[in-house]
Amino acid sequence: MTMSSESPTPPAAPITANTFVATAAGNIDPPAPLTGLRRLMTWIIPANLGIFLVWGAVPGILLPQQITQLVGSADKRDVAVLAIVSTIGAFAAMVAQPIAGQISDRTRSRFGRRTPWIVIGALAGGLSLTGLAFANSVVGIVIAWTLVQITLNIAQGPLSAIMPDRVPIARRGTFAALSGIGLMVGSLGGAMLGSLFFHSIAAGYLVFAVVAIVILCLFVLFNPDRPSSGIPLEPFRLREFLGTFWINPVAYPDFFWAFTGRLLLYTGYFIVVGYQLYLLRDYFHVAQPETIIPVLSLLSMVGLVITTLIAGPLSDRVGRRKPFVFASAVVMSLALLLPWFWHDLTAWYLTVVIVGFGFGIFQAVDQALISEVLPSARSFAKDLGVVNIAATLPQTLAPGVAGVIVLSFGYAGLFPVGIVLGILGACAVWPITATR
């Protein structure tokens, strides 16, 4: 018998938090969460809910009404002011989240890389909402809303890195579905709750501030991060820091296309939905639109929750992401044909239901898709901060863009723009090669 002279290959060393951060990309399984995956998957729902209640209530309901009360609605002056306030806040959000993510990636503490900034962002966000509650001038609203955007994005950036930090690839569709439920139920529930505070705006701001602080602090308490004090820290490079907002389509094409697809779809969605209050008032001629919004939000939420719970686990089972994202974008975009050609409130009810189904599929799968195209664990939060600009920026920037469209072409001009952007967003996912 001939014996081989080659020695057996030693088994690969188990990946640790330190080696994961130093060597892994988004398509590598991370170490298991300290307190178990099930607890983390349960808590991600209220964590996202706490932040997105604010994004659902303030830009679309409370902030427009606060501005209308302050400047009046004659000659659509409130529309113009909302466009200015939203645009300034949007640019603040665009800067805040990736910078906060990069700081989080470089944080070394016994509480981990993410926990300190989630807590700091929650506390500062609550204080900023309190300031917005008592703002009594356009300048005051601009300052307070900008601070809300900055501080809550400081928390949201590190929170978004939880998936690639702690969740195995085979469970990311399910995790994204649960995360998406918190996100969209928060957005839609925020619209419902915001309408209840339509005549008590200051009280609404204070309630949402308390909810965000309590929920986010409980999340980090029950889901502690691994200590990061032992992870080597690379030298700070100013050039790399200044390049935070640049997505190199040549070096990271999948990352670029994922960002582009999300940005286009969200912008198309929020250009229309972000102006729902004014659409109901001026386009569908509803006398008291605040009484209709809770019903619309509930209808959308039902469809969203159903498709989210189905699509996320199903994408894990079939091992495919792109077909789900593409189909959801097409469904949402085509639904906007109804109110464009059928100028009736019934058309808007149907649109809200169909869009809810489509957005549920999108939210369940898109986050998982993006987590798999991230370049490096060293910069998960920064990279997700850049990608999440594509989700958070449209929620605040779209009303500004929509204001220009409405002032130029009327409310009917919103629908074709939303359709075109959504279809382009659907097409953007197909060039991605890192996931199917």
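Which residue forms a salt bridge with Arg-321? Asp-316 does, with the closest N and O atoms 3.0 Å apart. The views below come from a predicted model, in which local features need pLDDT of at least 70, side-chain atom pairs count only at pLDDT 80 or more, and totals for chains, interfaces and linings use all residues. Residues are numbered from 1 along each chain as its sequence is written, and side-chain values use heavy atoms, with hydrogens and water left out.

**View 1. Arg-321 and Asp-316 are joined by a salt bridge.** A salt bridge is a side-chain nitrogen of Lys or Arg within 4 Å of a carboxyl oxygen of Asp or Glu. Both Arg-321 and Asp-316 are buried (under 20% relative accessible area; exposed is over 50%, partly exposed in between; 1.4 Å probe, protein chains only). A search of the whole structure finds nine salt bridges.

**View 2. Arg-114 pairs with Asp-165.** Their closest N and O atoms are 2.7 Å apart. Arg-114 sits in the loop between α3 (77-105) and α4 (115-133), and Asp-165 in helix α6 (residues 162-166), 51 residues apart. Helices are DSSP runs (H or I, at least four residues), numbered from the N terminus. Arg-114 is buried because its relative accessibility is 0%. Asp-165, at 12%, is buried too. Asp-105 and Arg-113 join this pair in a network of salt bridges.

**View 3. Asp-225 meets Arg-166 in a salt bridge.** The N to O distance is 3.7 Å. Asp-225 lies in the loop between α8 (201-222) and α9 (238-242), whereas Arg-166 belongs to helix α6. The two are 59 residues apart. Asp-225 has 13% relative accessibility, so it counts as buried. Arg-166 has 7% and is also buried.

**View 4. Gln-156 contacts Trp-55.** Gln-156 is in helix α5 (residues 138-160). Its side chain makes a polar contact of 2.9 Å with the side chain of Trp-55 (a pair of N or O atoms within 3.5 Å; within protein, one must be able to donate a hydrogen and the other to accept it, and residues adjacent in sequence count only if both atoms are side-chain atoms). Gln-156 is buried, at 5% relative accessible area.

View 5. Gly-319 follows α12, with a positive phi near 70 degrees.
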